[in-house]
Amino acid sequence: MRKIYFTAVLAAIIMISSCTKETVDGSAGIMLSLSSYTFDYDGNESIEVEISGTGGGEISVVTDEGFILVSEPDGNKITISMLANDEPVYRSGSVTVTCNGETASFYAEQEPLRFVGRFVELPINSEGTITRDGRYVAYVHGRWADKSLTRWIATAHYIDTKTGEVFDLDMPAYPADETAASGITAYNRVRTMSDDLNVIVYEHWSSTYQSMVIGGQETRIPIPEPYYWPHVEYVNSDGTIWVGYCYTKEELPGLGEYSKYHPVKWVNGEAEILEVPETDIFGMDLLNGGMARQCSDDGSVIYGSEWAYMGLLYWKDGVMYPVGPEYAEINGTNFNMPETESQNHRMSPNGRYITCRTSNSGTVRVDTETGDVKIWENGYIGNAVTDDGTVWGFQYGYAASSIIDMDKQTITPIEDYFMDNYGIKLYSYNTVKYVSPDGKVFFGDHRYPTEGWMCPQWFVRVSD
C-alpha cells in the first residue's frame with residue numbers, strides 16, 4: 001500500500017493560499033509539496049515534487065542513497081524515483097533540497113521485493129513435462145472414477161504458464177492388446193512435446209509403451225529394419241527433430257536371444273542410429289547398448305548413456321563423446337563415474353551444458369563447446385542446468401535442493417534463491433527440473449515427507 005504524507009503546516013498554508021513561510025529573522029523559507037512517499041518495489045514509479053518559497057533562488061538537490069534518483073530542477077519542480085528493489089526488505093533514504101541557505105527534506109521509502117508471478121501445483125497422480133520455451137505444461141492426471149475404487153481414469157491437460165488457463169488434450173486410448181497383456185488401462189504421463197503442442201508423446205512409464213500424436217492424429221514412430229519398438233524421449237521446439245532409442249534382437253552364445261538398445265535421432269521422421277562404445281567400463285563387450293535422452297534445439301548436441309552402467313554419453317555434430325567411461329574410476333568391481341538414467345531434462349536450452357550425477361552422488365557439468373568436464377563430489381545430484389552453466393541440484397532423497405555454482409564451488413539453498421530474487425517462499429523439498437531460456441519459468445517436482453514417494457509437479461512463472 002502506498003502512503004503519501006502531507007505536513008499539517010503545508011495543508012494550512014494551502015488553505016490560506018500562501019506559498020511561503022516566515023522564519024524567525026523574517027527571511028523566506030522553502031517547503032515541499034510532499035514530505036514523503038512509499039514507492040513500489042519495481043522501480044517503475046516517479047513522483048513530482050513542487051518547491052515553494054524559493055524566491056527565484058537557485059535550487060540544489062542531494063540524496064543520501066544511491067538508489068534514490070532525482071532529476072535536475074525544472075523551474076521549481078523536481079522528479080523523484082527509485083531503482084528497483086531486489087531485496088525482500090523495506091529500504092529508505094532522504095532527499096535534501098537547498099535554496100537561499102534554507103533546506104527542506106523529503107523521505108523516500110520503498111516496498112520490498114515481492115512475488116507477483118504464478119505458482120501452480122499439478123494434481124496428485126499427475127505427470128508431465130514443459131515445452132522448451134516454458135509456455136506450456138502438459139500432463140496426464142490419473143484418479144479413481146468414484147469412491148468405489150473400481151475404475152481408474154486418466155485425462156490429459158495443458159496449462160498456459162503465462163495466463164494460468166487449463167485446457168483439455170485429446171489423449172489416445174491405450175491399446176487393448178497392451179491392456180490385456182499388462183493390465184494397464186491408460187497412459188500416465190506426457191513424455192515430451194513441441195512448443196506449439198503439435199507433436200505430443202504419451203506413454204506409461206512402467207510399460208514404456210508410447211503413442212505419438214502429430215497434428216491431432218496418432219502417428220507411427222518410424223524405424224527401419226532390423227530395428228524395432230522405437231521410443232521418443234525428447235522433441236525439439238518445432239517438432240522436426242526427435243531423439244530416443246530402439247531395439248534389435250541379438251544372439252548371445254549359450255544364453256540365447258536378447259534385446260539390445262540403440263540411441264536414435266530422427267530428422268523429419270528419418271531415423272539415424274547413433275554410435276555407442278564397443279565395450280563397457282570393465283572392457284567387456286557392451287551388450288546393452290545405449291539410449292539418447294535429450295537434444296539441443298538444432299539437434300547438433302544429444303546426450304544419453306550406455307545402458308550397462310549408465311555412463312554419460314553425448315554426441316556433437318555426429319561424434320560420440322563417452323564422458324562416463326572416460327572418467328570412470330574403477331576399484332575392483334566398484335566404480336565411480338558421470339552417469340545418467342532416464343532423465344530428459346539435464347541439458348541447457350542452448351545445448352552447451354549437460355549436468356548429471358556421479359555414482360557417488362556428486363555433481364557433474366559438461367561444457368560441450370569446450371569439452372571441459374567438471375566433477376565435484378559434494379553429495380548433490382545435478383538435475384538441470386541453465387544457458388550460463390548454473391546447475392540446479394538436490395541431495396540424494398530430494399532433500400536440500402540448491403543452486404550449484406561449479407566454477408566457484410558454492411551451494412545456495414533453493415529457498416534463499418527464490419526469496420532473495422523473487423520474494424517467494426519455496427521450500428527445500430522442491431527440486432527444479434527445467435528453467436526456460438528467458439529465465440522466467442521454473443518447472444520441477446517435490447516430495448511431501450508424509451506422502452512417501454508421491455512427487456507432485458509444479459511450475460513458477462516469475463514474470464510475464
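Leaving aside its neighbours within four places in sequence, His262 is in contact with Tyr227, Gly244, Tyr245, Cys246, Tyr247, Thr248, Glu250, Ile273 and Gly290, where contact means heavy atoms within 4.5 Å. This is a predicted model, in which local features need pLDDT of at least 70 and side-chain atom pairs count only at pLDDT 80 or more, while totals for chains, interfaces and linings use all residues. Residues are numbered from 1 along each chain as its sequence is written, and side-chain values use heavy atoms, with hydrogens and water left out.

His262 belongs to strand β21 (residues 256-267), strands being DSSP runs of E with at least two residues, numbered from the N terminus. With a relative accessible area of 12%, His262 is buried, a word that stands for values under 20%. Its side chain also makes a polar contact with the side chain of Thr248, at 2.7 Å; such a contact is a pair of N or O atoms within 3.5 Å, of which, within protein, one must be able to donate a hydrogen and the other to accept it, and residues adjacent in sequence count only if both atoms are side-chain atoms.

Strand β4 (residues 46-52) and strand β7 (residues 77-82) run antiparallel and are joined by five bridges, and Ser46 stands opposite Ser81 in β7.

Technical notes:
Pairing = 2+ DSSP bridges. Helix = DSSP H or I, 4+ residues; strand = E, 2+ residues; numbered from the N terminus. Buried < 20%, exposed > 50% of the residue type's maximum accessible area, 1.4 Å probe, protein only.
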